[in-house]
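Please look through the structure below with a first question in mind: how many helices and strands are there in the protein?

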Amino acid sequence: MDPAGHKYFTVIDYVIFGLLLVASMSIGLYYAFTGGRQSTTQEFLIADRSMKCLPLSLSLMATFQSAVAIIGTPAEVYAHGTQYWFIGCSYVLGLLIPAHIFIPLFYRLHLTSVYQYLELRFCKAVRICGTVTFIFQMVIYMGVGIYTPALALNAVTGFHLWGAVLATGLVCTLYTALGGLKAVVWTDVFQTVVMFTGQLAVIIVGVHQAGGLSEAWGKVRDGGRISGIDLNPDPTVRHTFWTLAVGGVFLMLSLYGVNQAQVQRYLSSRTEREAVMSCYMVFPCLQLALLLSCLMGLVMFACYGQNSPVEQQYITSKDQMVLYFVMDMLQNFPGLPGLFVACLFSASLSTISSAFNSLATVTMVDLIKPHYSMTEARATLLSKLLALSYGIICLAMAYLVHLMNSSVLQAALSIFGMIGGPLLGLFCLGIFFPCANSIGAVTGLSAGLLMAFWVGIGGFLTRMPSPVIPLLNSTITVPDVSENITAATAELEADRSAGLHGFYSLSYMWYSALSSCTVLIVGLIISCITGPTKGDDVASGTVYPVVKTAQSYLKPSTCCKTTAEHKQVDGQKEMNGTVKEDAGSQEETQRFLPDVELETSV
């Protein structure tokens, strides 16, 4: 065993690794030089609205379930058991609500950027606030996406960490600017299949190395890694059934309901029916991805037990464990380590490229196009340049991720909870509350962001080592200094659950729920104080008819009636062009949505 913990690739590993990356890049090049050759913003940003539900569902899953999930989830299960698996319970409501509320509403408004909705419902200032918040969120998250595969390569091959970060960012930036959304979606499909294959291969070989299925099960059971349902209602406990199954619903809604990277895929589908079906098909894909990741964590424990490679100092972080395990267990199977590392690396590229594409979209549609008139060719070129620019910006964010004292899984979910939560609250304020006005929306968003960063940054600083202890350690002339240190530490731990320490100890899984509820409460209060919006002033199609929909469930005979709120205003203007009335698609949505509601009620 290498004293540094590095297990280097064989020639076959490098060949397979290279072939998979070339295959991913080839898909991007194919769509760059075929079809419309990405010569229009419609094709580059939303694939000419021509995508089918199967590739969209795999792409929806891969966007936020790639490197972070492959590396973070097994490490979490190895260290703390299978309690994290209960986040799968949140997938039910987290996908049903977008399928029946968000997708039909956004699709019928013929949007390109989801933040166009905010101007239709409120005003241009709210739209700009939402767009800027999303850009900030995704730029930070891309730091995690770039840093994660680089950390993995550094752990298993000894490749320079920041050299890998630079290589990842540059390759992804070039790939995004060439292929457009079509290339991103179809590359996701290819990489998802490879990702599942690689994980399954590691699990099978790992079970064999642990002595067989029954032996592996006995080890993880005796090691206490099979977790029961923890119904502890304490919100400061990191992972319980409530934090994962309930708090996770808000996280899922912020990801699959109102996030531009995901909504952009819904809007690229051929019909509303296929957009909704793609959201349904994400559910089994996410459950399979979660199952494989949890099984990999259990297999790792069956092989290593309590002798963690981190404690043995073979690696420096638990987030490096998965790749170390792969290299350790598959070292006698030439090509499989290269396959797994390649799928991890390429899946990260796909995740990052999806974000770059969505960032370019909102910047062009929300910030540039409304203020500057330009030709289609120039707008397309500028969109590609924006993708390149965001690639360069996100490289700098990787260094900040390196400084965070947290796992990549918790870091990624914290980011989406702290920033995605307020955005979710903002959209819910507009969709479900017709009385909300623009002042309430801006004030509520600001309050939600302040709340999220207060608890998030406070919790981060609370987990950092205290500077008081080193100072006491240096005062060696005090006779009872060790007792003082012990007493001070015990007192600090006792007070952690009280006051601000208890607030800062809130589980990161509640960040999204806390911040989104703050937006709703503050937004409604300010709207009532400043004068609620009257029903006639609300743009048609921008508010979900909660009362009438509830009545349709209670009265099945009326569920097939088309509500007035679902009718599109003829000649309505879209922010980046004219919204054309599509009689066929409107007839389809009026016919399809009641059928879906009946299926759900059963």
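The protein contains 24 helices and two strands, where helices (H or I, at least four residues) and strands (E, at least two) are DSSP runs, numbered from the N terminus. This is a predicted model, in which local features need pLDDT of at least 70 and side-chain atom pairs count only at pLDDT 80 or more, while totals for chains, interfaces and linings use all residues. Residues are numbered from 1 along each chain as its sequence is written, and side-chain values use heavy atoms, with hydrogens and water left out.

Of the 602 residues of the protein, 56% count as buried, a term that means under 20% relative accessible area, with exposed meaning over 50% and partly exposed in between (1.4 Å probe, protein chains only). Helix α11, which spans residues 247–256, is largely enclosed by the rest of the structure, because nine of its 10 residues are buried; among them are Gly-247, Leu-251 and Ser-254.

Helix α5 (residues 90–108) packs against α11 at an angle of about 40°, and their axes, which are lines fitted to C-alpha atoms over the stretch in contact, lie 8 Å apart. The two helices α5 and α11 are therefore oblique to each other, since angles under 35 degrees count as roughly parallel, over 145 as roughly antiparallel, 65 to 115 as roughly perpendicular and the rest as oblique. In this contact, meaning heavy atoms within 4.5 Å, α5 contributes residues including Tyr-91, Ile-97 and Phe-102, while α11 contributes residues including Val-249, Met-252 and Tyr-256.

Methods:
Axes fitted to C-alpha atoms, helices over the stretch in contact; angles between N-to-C directions.
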